[in-house]
Amino acid sequence: MKRIFSGVQPTGNLHLGNYLGAIKNFVALQDDYDCIYCVVDMHAITMWQDPAALRANTREVAAAYLAAGIDPKRCIIFNQSQVGAHAQLAWIFNCVARLGWLNRMTQFKDKAGKNREKASVGLYAYPNLMAADILAYKATHVPVGEDQKQHLELARDIAQKFNNDFGVELFPILEPLILGPAARVMSLRDGSKKMSKSEPSDMSRINMTDEADDIAKKIRKATSDPDLLPGPEALDEGGAVSEEARRARPEAYNLLGIYAALADKPVGDVMTEFAGTQFSRFKAALTDLAVATLGPMGREMKRLTEDPASVDAVLRDGAERARAIAEPVMREVYDTVGFLRP
Ligand code: TRP
């Protein structure tokens, strides 16, 4: 079976964007692929993390994976720092990737901002570690959001250069599984900005552990516009929301997209259902749907958070199974590079 690898950073405040943008897709993929889902704690520390918070957030992401329905028997759930291959292969990739390649990474430029000189070396080398995550398992399919596409192209370049430099066919060519625009969840306050954990107002996002009244309040107060909801005639020929339509009514299309993703329906169906209705009625329906889907999941996450030993046991079992896959790959890498085997 084809192997999937993906990861979520344990940086706190998991929200609807993380769920619909990543985790919900991970759940669906487990039926068709051999899946490895990682909590990428080594990526998290490319920016400062409080150690106690990092521990709690690592368990929180694992709890979210489990509560969302990822089966820890069929899939591997683990945290990155427990498997040494990630760091080992990342170092080798630091020596394969070129400075020029990393200099083109837009996420580094965004995250480092003006204060580039003060960014950690880890933040700069981040994409090499990501390539190592995937290739240590020879994974071929990587579900990620649009924002990670450039990193995956780099991972492909690294795999190709490694194979070329050493005259081997050790690493496979990987395929991004770019998750659709339904996965693009925007702020409830400003439909032109991504929903984000770092946005100061908690009203801008629905957290995975929010209670029903918080969910209801946030949706009720979500920014809307003065018009009635658009019908399916507003879609383009392919049945998608055009960029132009989205730009004209970002909040309306964000809420419609959230509804469609939570209901597992094409956005056109949702638009047919609510064409010409007022936001108040649509928001009430969205609240019911969000509470019905997120409520039980949030409660399960909280239950797991109160039982850290059970989460740690899942992570430990996952790490052991991950090691069993990565170690033979690392032996091949050692032989290829000319390192003596341990
Ligand atoms: N960089 C990814 C993100 O921030 C997380 C990640 C780390 C990842 N390693 C990965 C995703 C490997 C896919 C595959 O979303």
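**Entry 1: the model.** I'm working from a predicted model, so I keep in mind that every value here is computed from it.

**Entry 2: who sits around the ligand.** I started by listing the shell. There are 13 residues around the ligand, and Gln9, Tyr126, Met130, Asp133 and Gln148 come nearest. Sorted by class, I get seven nonpolar, five polar and one charged residues in that shell.

Entry 3: Which residues put a polar side-chain atom by a nitrogen atom of the ligand? I noted tyrosine 126, with a polar side-chain atom 2.7 Å from a ligand nitrogen. Glutamine 148 also has one, at 3.0 Å from a nitrogen atom of the ligand. Then I checked aspartate 133: an N or O atom in its side chain is 2.7 Å from a ligand nitrogen.

**Entry 4: cover.** How much of the ligand's accessible area does the protein cover? On its own the ligand has 360 Å² of accessible area, and the protein covers 89% of that.

**Entry 5: where the shell comes from.** The elements giving two or more residues are β1 (3-8), α7 (121-135) and β4 (141-144). Which element gives the most? That's α7, with four residues.

**Entry 6: domains.** Next I zoomed out to the whole chain. The protein splits into domain 1, made of 3-183 + 308-337, and domain 2, covering 202-304. I get 30 Å between the C-alpha centres of the two domains. Their contact takes 19 residues from domain 1 and 15 residues from domain 2.

**Entry 7: the domain interface.** I like having an area as well, since the size of an interface is often given as the accessible area lost when the parts come together. Here domain 1 and domain 2 bury about 1,500 Å² between them. Carbon and sulfur atoms carry 71% of that buried area.

Technical notes:
Residues are numbered from 1 along each chain as its sequence is written. This is a predicted model: local features need pLDDT of at least 70, side-chain atom pairs count only at pLDDT 80 or more; totals for chains, interfaces and linings use all residues. Side-chain values use heavy atoms; hydrogens and water are left out. A residue is near a molecule or strand if one of its heavy atoms lies within 4 Å of it. A polar contact is a pair of N or O atoms within 3.5 Å; within protein, one must be able to donate a hydrogen and the other to accept it, and residues adjacent in sequence count only if both atoms are side-chain atoms. Accessible areas come from the Shrake-Rupley method with a 1.4 Å probe; for residues, only the protein chains shown count as cover. Ala, Val, Leu, Ile, Met, Phe, Trp, Tyr, Cys and Pro count as nonpolar, Asp, Glu, Lys and Arg as charged, and the others, Gly among them, as polar. Domain bounds come from an automatic or database domain assignment. Contact means heavy atoms within 4.5 Å. Buried area is the accessible area (1.4 Å probe) that two parts lose on being put together, summed over both.
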